[in-house]
Amino acid sequence: MKEITFIAREAEEGGYYAESVGVGIFAEGETIDELKENIKGGIDCYFENEEDKPAFIHLHFVKDEIFAL
């Protein structure tokens with residue numbers, strides 16, 4: 001696996017959370033930098049072998065907006 005994608009959103013209570021696509025990794029953080037560090041930690045825990053770890057992380061931010069018609 002060369003790349004892993006995370007879908008990231010702002011949390012309602014503040015901070016950010018992200019969930020990987022296709023792999024069961026979830027991370028959260030108060031800042032984007034903290035979120036990135038926690039994602040790296042999650043990848044380290046999930047992939048036991050170095051050769052299995054992805055080389056790149058794609059962090060895709062999604063912002064939901066609701067408005068009335």
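Which residue in β2 is the bridge partner of R9? The partner is Y17, and the pair belongs to an antiparallel arrangement in which strand β1 (residues 3-10) is joined to strand β2 (residues 16-20) by five bridges. Strands here are DSSP runs of E with at least two residues, helices are runs of H or I with at least four, and both are numbered from the N terminus; two strands pair if DSSP finds at least two bridges between them.

This is a predicted model, in which local features need pLDDT of at least 70 and side-chain atom pairs count only at pLDDT 80 or more, whereas totals for chains, interfaces and linings use all residues. Residues are numbered from 1 along each chain as its sequence is written, and side-chain values use heavy atoms, with hydrogens and water left out.

The chain holds one helix and four strands, in the order β-β-β-α-β from the N terminus. Between β1 and β2 lie the five residues of a hairpin, where G14 in the turn has a positive phi of about 110°. A further hairpin, of β2 and β3, also has five residues between its strands, and there G22 takes a positive phi near 85°. Strand β3 (residues 26-29) pairs with β2 in the antiparallel sense over four bridges, with A27 in β3 as the bridge partner of A18.

Within β2 one also finds S20, which is buried at a relative accessible area of 7%, where buried means under 20%, exposed over 50% and partly exposed in between, for a 1.4 Å probe and protein chains only. Apart from neighbours within four places in sequence, S20 is in contact (heavy atoms within 4.5 Å) with I4, T5, F6 and I25.
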